[in-house]
Amino acid sequence: MRTGSLAALVVTLVGTFAVSASWAGMLEGTVRLGGIFVDEEGAPSTVQETYNLYDGFSVSQIHLGGLVDPRNYFLIDLRDLNLDSRQGELVYRRPGVLKLTAGYDRHRQVFSPDRGVDARREDWKAGAEVTAARWLNLSGSFNQLGRVGDRLAYPAGSVSLLGSEYDNSLKTGEVTAEVRRGRHGGAISYRTSLYTDELNATSDRTGQVVSARLYTPCKFYDKWTHLLRGAYGVHKATDGGLDYKLADFQYTGVIQTTPALQLKYGFNGRRVDDESTRLKTDRFCNDLDATYTYPNGHVSAGYGYETNDDDRSLTSAQSWRTGTSYHRGKILSAKVDYAGRVKKDQEELTLLKDVEASRVSARLQVRPVADLVLGAGYVKRTRDLPDIGVQTDGDIVNAFGRWSRSGWGALSGDYSVTTDSYTGRAGDFDTRTLLATGRADVERIRNLRLSGGVTWLDIGRDLDIEKSLVFVEGAYSLFAGYRLEAKYNAYNYDDYILLNRYYTANVVQINVAYDFHTKGETK
Amino acid sequence: MPVSHEIPRRSPPPLLTACVLVVAVLAAPGRAFSAQGAPRTSEVCLDCHDGQASSLAATAHRLPDAASDDAAARMACTDCHAGDRRHWEDDPKANPMINPSRAGAADEARICSGCHQNAHQQNMLERNAHSASDVNCSACHSVHGSKHPALLREAEPRLCFGCHGNIEGQFARPYRHPVNDGIVKCSECHTGLAETRRGALSLDGTNVCMKCHAEFQGPFRYEHPATLDYSTEGTGCLSCHDPHGSALPRMLRLPFEGPNFPLCTQCHSVPRHESNTMHGTRWSGMPCNACHTDIHGSNVSHFFLSESLESRSCFNAGCHKF
């Protein structure tokens with residue numbers, strides 16, 4: 001019934017616009033009808049990509065967009081109308097005056113091999129934005145996220161004491177008033193949230209946050225810009241009567257003495273007053289950054305110092321970062337960054353005590369000829385907790401290439417090797433992930449567009465998992481406005497350590513698409 | 001033991017300060033919006049650059065038409081493309097107008113901020129990874145028109161993956177947020193587009209994960225300190241979960257498997273838990289959450305023990321008297 005009503009609404013809209021000769025503007029859209037055929041074996045819970053697939057006939061998409069007047073723009077995009085994976089988006093916009101949006105999305109998570117144990121989420125959203133005057137903008141939004149269905153214990157086979165079902169919803173709303181005048185600007189926002197769990201009233205929670213921000217140049221030195229933010233909020237567990245209050249203040253000063261040199265100072269002060277722990281946590285952060293920009297790149301450096309006092313323990317952290325980039329038009333670009341952070345537990349009262357972390361990244365990209373881009377990147381992250389004997393290291397090395405030529409198509413590929421290692425007192429954990437992706441798009445054949453791609457993932461060492469996703473799709477133009485579209489997906493998953501953790505699926509999606517475009521003139 | 005004391009009812013000084021400052025902005029003299037040194041015009045531009053008006057027509061940047069009576073209030077080409085009249089009166093090549101899309105991040109942000117002074121714009125001048133890497137507004141937005149919202153060049157996540165290709169790979173992992181499926185957008189978590197905290201995962205100080213997972217948001221009578229940071233800066237939720245993707249269920253960073261349960265033992269080394277004589281062989285391989293159930297926060301026990309254990313007299317009476 002719901003599907004029928006939506007379809008009738010859309011047909012009415014299309015008909016109204018199409019037959020009317022008294023409107024000025026244009027209407028374009030696409031209607032897709034078809035079906036999905038799924039052949040699967042194994043545990044579908046292992047491959048998230050198939051969670052939201054439903055077998056059978058599908059009103060795959062109704063997409064309408066256009067201009068009326070011609071100052072009124074609208075968009076209607078509805079997908080999988082007759083299936084439980086339906087999505088919808090509506091937009092109406094009068095540029096510079098009004099914008100209205102609405103959306104709906106429904107999807108599920110699958111936990112069992114027979115798809116019998118699952119949970120479903122529904123997301124509703126609506127928003128409005130009014131530019132009341134050139135200096136005043138008002139906006140508001142509302143979201144509702146609901147979750148119902150089965151709840152599965154973890155690890156598998158254990159008995160969950162959290163219950164075996166979900167039935168909860170989260171409602172959030174926000175209103176904002178924003179003003180600006182020349183180089184001055186500011187806004188005030190109010191955000192509220194309400195979480196309710198029909199199966200466990202002690203989980204019910206509310207939240208309110210008021211925030212404000214300001215942007216203004218210094219009155220006596222206009223190369224200095226002040227940016228300020230402040231927020232105050234209360235989060236409350238309604239059943240237990242507990243709450244915590246949060247106050248946050250930020251100041252950033254930006255000085256641009258010359259177009260090439262920019263200096264920044266940032267301060268952040270925050271207090272969290274938690275009634276449940278009876279603790280007040282105060283955090284203060286100070287950051288100083290300088291950036292020098294020259295025609296072929298930039299050099300930057302920064303230093304930060306922060307303290308965290310939660311009434312029980314006092315910690316301080318120093319951080320530093322530096323980076324540089326170089327580019328030579330579109331032919332070559334290179335970038336290197338380094339950041340480090342050392343946290344000291346002044347009284348050695350926290351669980352983790354001292355923490356040292358660092359991150360280095362480098363990226364190089366070259367374009368030897370106009371159609372070809374080649375590149376490589378490297379990232380290294382370390383985190384060391386010497387007092388509790390824990391060290392984590394991560395490296396990512398990747399290389400990529402893309403070739404594209406208008407009228408011919410494109411080829412792209414990416415290969416990366418990621419290693420993650422964890423060393424602790426209780427044991428070690430190491431993984432190495434190989435990831436290869438490739439994609440080809442062919443535009444050379446008349447009336448036919450072809451694409452294909454593969455994603456291959458191999459997770460080794462302490463785990464032994466292989467996963468691959470393959471797709472081939474084509475669209476053939478039959479005659480004026482009509483297209484036949486076909487897509488084939490193959491999903492494979494194998495866990496060679498855990499039994500019964502395998503999955504394979506072949507999914508075929510066929511659609512007939514109709515594109516239309518009409519233009520109306522004022523009578 | 002935590003120190004017990006009264007929590008004062010405090011007024012919110014940052015809020016009051018901000019309100020006063022916003023009022024001050026309204027009262028301050030504003031600078032007239034104008035092109036940078038050029039007379040405001042569009043008509044003369046379209047003599048040569050024909051077609052640009054129609055590309056802008058469906059956007060907030062549309063130019064006034066001939067019959068429009070609000071020309072002064074609408075956009076003019078020279079609002080963004082600064083230069084002087086010699087460009088159209090003399091030699092265009094010798095006197096080029098500025099093309100903001102080819103300017104650096106700071107320069108283009110300055111041009112766009114003539115009109116756009118929202119939180120996202122303000123953030124480009126504060127601590128923003130994009131501006132620090134000289135990624136300008138036009139890298140993401142197609143100012144002359146786009147079929148995507150906010151004039152984005154491409155819809156998320158493809159837009160983000162254009163530069164963050166290594167992140168795209170993480171979303172191919174078995175357990176992940178449904179970003180590639182179009183259900184969750186990058187910008188729903190990376191509020192850095194509108195916020196400035198380090199890591200760009202805090203919304204006015206509130207942990208951004210709680211935008212959807214509100215059931216784990218405090219206050220609880222007994223909080224798990226790993227989540228007590230109220231944001232992800234001090235790792236918080238990320239101590240245990242990798243939101244981009246993991247090979248482990250529940251997007252866990254480390255295995256939650258016996259005999260050592262590295263996920264928990266990365267922080268906790270608890271005496272008598274490895275070889276407990278009282279629990280005998282039943283202890284072997286038993287997951288931590290068999291007893292420590294409400295690990296995100298509890299209203300029953302400061303060790304997050306389950307209510308059923310209390311009813312079986314395991315704690316508060318019996319062996320475990322806390």
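**Confidence in chain A**

- Among the elements of chain A, the lowest mean pLDDT, 55, belongs to helix α1 (residues 2-19), and the highest, 95, to strand β25 (residues 482-495); helices (H or I, at least four residues) and strands (E, at least two) are DSSP runs, numbered from the N terminus.
- Where pLDDT is low, the predicted coordinates should not be read in detail.

**Salt bridges**

- Glu49(A) and Arg176(B) are joined through their side chains by a salt bridge of 3.2 Å, N to O, and this pair crosses between chains, from the loop between β1 (25-42) and β2 (56-68) of chain A to the loop between α10 (165-170) and α11 (186-189) of chain B.
- Both partners are buried (under 20% relative accessible area, where over 50% is exposed and anything in between is partly exposed, with a 1.4 Å probe and protein chains only): Glu49(A) has a relative accessible area of 16%, and Arg176(B) one of 3%.
- Asp371(A) and Arg405(A) form a salt bridge at 2.9 Å, N to O, which links distant parts of the chain, 34 residues apart, with Asp371(A) in the loop between β18 (355-369) and β19 (372-385) and Arg405(A) in strand β20 (residues 390-405).
- In this pair Asp371(A) is partly exposed at 22% relative accessibility, and Arg405(A) is partly exposed at 39%.
- Lys245(A) and Asp243(A) form a further salt bridge, with the closest N and O atoms 3.3 Å apart, and both residues are buried.
- A network of salt bridges links Arg32(A), Arg483(A), Glu485(A) and Asp515(A).

- Asp345(A), in strand β17 (residues 332-345) of chain A, is buried yet has no salt bridge, and the nearest side chain of opposite charge, that of Lys353(A), is 5.9 Å away; Lys and Arg count as positive and Asp and Glu as negative, while His and the chain ends are not counted.
- The side chain of Asp345(A) reaches the backbone nitrogen of Leu349(A) at 3.1 Å.
- Leaving aside neighbours within four places in sequence, Asp345(A) is in contact (heavy atoms within 4.5 Å) with Leu314(A), Thr315(A), Thr350(A), Lys353(A) and Asp354(A).

**Chain B and its helix α6**

- Chain B has 13 helices and 4 strands, and 42% of its 322 residues count as buried.
- Among contacts in chain B between residues at least 6 apart in sequence, 47% join residues at least 24 apart.
- In helix α6 (residues 105-112) of chain B the buried residues are Ala105(B), Glu108(B), Ala109(B), Ile111(B) and Cys112(B); seen down the helix axis they fall within an arc of 160°, so they line one face of α6(B), the arc being that of the directions from the helix axis to the C-beta atoms.
- The elements that cover these buried residues include α4 (77-80), α7 (119-125) and α8 (129-132) of chain B.

Conventions: Residues are numbered from 1 along each chain as its sequence is written. Chains are lettered from A and ligands numbered from 1 in the order in which they are written. This is a predicted model: local features need pLDDT of at least 70, side-chain atom pairs count only at pLDDT 80 or more; totals for chains, interfaces and linings use all residues. Side-chain values use heavy atoms; hydrogens and water are left out. A salt bridge is a side-chain nitrogen of Lys or Arg within 4 Å of a carboxyl oxygen of Asp or Glu. pLDDT is the predictor's confidence in each residue, from 0 to 100. A polar contact is a pair of N or O atoms within 3.5 Å; within protein, one must be able to donate a hydrogen and the other to accept it, and residues adjacent in sequence count only if both atoms are side-chain atoms.
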